[in-house]
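Take a look at the model first, and then we can walk through the pairs together.

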Amino acid sequence: MSDGANSEVYQLKVSLRRISPMIWRRLLVPEEMTLYALYRTIQIAFGWEDYHLHAFKLHGRHYGTTWTGERHRDAAGREVTLADLQLRVCQRIRYEYDFGDLWEHEIRVEANLEREGGKVYPVCIAGALAGPPEDIGGPPGYMALVDRIRFGDIDRLLHGDEGDTDGDDPLRTFEAERFSRREVNAALRLEFSELTRG
């Protein structure tokens, strides 16, 4: 993202709804960030693979996308930024990803902060638990996966009663408790250095 020396930074808490215990990330993002860049930030922070459509809902408006990579634009064709949305502390935005599984994220504006000189944004400053795997069946499928892992019964979830024990399935190595802020921030730096170069 650009320097924007005089711009503000939003502290956002992004949490997945209908999951317990809560999966969440706390992000610092610059006000000049576009909705598309916020979408990319959330994808990275939760480990999503960008396989599906998404939408933001705020102020009764729906900012959706039809194709992967499509930008959110206003009536004049300009990309919508967070500053355009005039976000206030305690305001909530809904972000939906994968309309089949329907992952609903609540984005809560926790604070408006001054930009720190030399700090690179966006940045993840906290979080808990691994983001759910893609195409697991939404919150019910995720909760079933976590239960099966806890009770050592992952083969039945993956292969039914057939007893197939193919060890290559990535769900077999899924660690629900794992969250690495360092890995998220490394991926964010890579993503946004590429965006600013391109």
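Let's start with one side chain: arginine 115 is buried, with a relative accessible area of 15% (buried means under 20% relative accessible area, exposed over 50%, partly exposed in between, with a 1.4 Å probe and protein chains only). This is a predicted model, in which local features need pLDDT of at least 70, side-chain atom pairs count only at pLDDT 80 or more, and totals for chains, interfaces and linings use all residues. Residues are numbered from 1 along each chain as its sequence is written, and side-chain values use heavy atoms, with hydrogens and water left out.

**Overall count**
- The whole structure holds 13 salt bridges, each being a side-chain nitrogen of Lys or Arg within 4 Å of a carboxyl oxygen of Asp or Glu.
- One network of salt bridges links Arg18, Arg94 and Glu104.

- Arginine 115 pairs with glutamate 32 in a salt bridge, and their closest N and O atoms are 2.7 Å apart.
- These partners are 83 residues apart, with glutamate 32 in the loop between strand E2 (24–30) and helix H1 (35–46) and arginine 115 in the loop between strand E6 (103–114) and strand E7 (123–128); helices (H or I, at least four residues) and strands (E, at least two) are DSSP runs, numbered from the N terminus.
- Glutamate 191 and arginine 40 form a salt bridge at 2.8 Å, N to O.
- Here 151 residues separate glutamate 191 in helix H4 (residues 181–197) from arginine 40 in helix H1.
- Glutamate 191 is buried at 14% relative accessibility, and arginine 40 is buried at 13%.

**A partly exposed pair**
- Aspartate 74 and arginine 78 form a salt bridge, with the closest N and O atoms 3.6 Å apart.
- Aspartate 74 is partly exposed at 28% relative accessible area, and arginine 78 is partly exposed at 45%.
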